[in-house]
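Me: Hi! Could you walk me through this one?
Reply: Happy to, here it is.

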Amino acid sequence: MDIVLAIAIAVVGAAMLINPEGVYRFTESWKSNTPGEPSDLYIRRTRTGGGLLLAAGAAGAIVLAVLG
């Protein structure tokens, strides 16, 4: 069951890395009164966080596969 969580974390990280604009529309756009695109800083932060989640999820899945 833990490996499923690790894979899910990696998938969320990959989505954040590949499509930060979609993550913005899903999580943040409803908070703004003015329609628009996310800032460059938001895109960079989301991609960085996605890369870290992807790495952590992949590492966790590999470790659990080897030890499990």
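Me: Which residues of helix α2 are buried?
Reply: In α2, which covers residues 20-27, they are Pro20, Gly22, Val23 and Tyr24. Buried means under 20% relative accessible area, exposed over 50% and partly exposed in between, with a 1.4 Å probe and protein chains only. Bear in mind that this is a predicted model: local features need pLDDT of at least 70, side-chain atom pairs count only at pLDDT 80 or more, and totals for chains, interfaces and linings use all residues. Numbering starts from 1 along each chain as its sequence is written, and side-chain values use heavy atoms, with hydrogens and water left out.

Me: And what covers those α2 residues?
Reply: The cover includes α1 (2-18) and α3 (40-67). Contact here means heavy atoms within 4.5 Å.

Me: How many helices and strands in total?
Reply: There are 3 helices and 0 strands, in the order α-α-α from the N terminus. Helices (H or I, at least four residues) and strands (E, at least two) are DSSP runs, numbered from the N terminus.

Me: New topic: what are the overall dimensions?
Reply: The C-alpha trace spans about 50 × 20 × 15 Å along its principal axes.

Me: What share of the protein is buried?
Reply: Buried residues account for 24% of the 68 residues.
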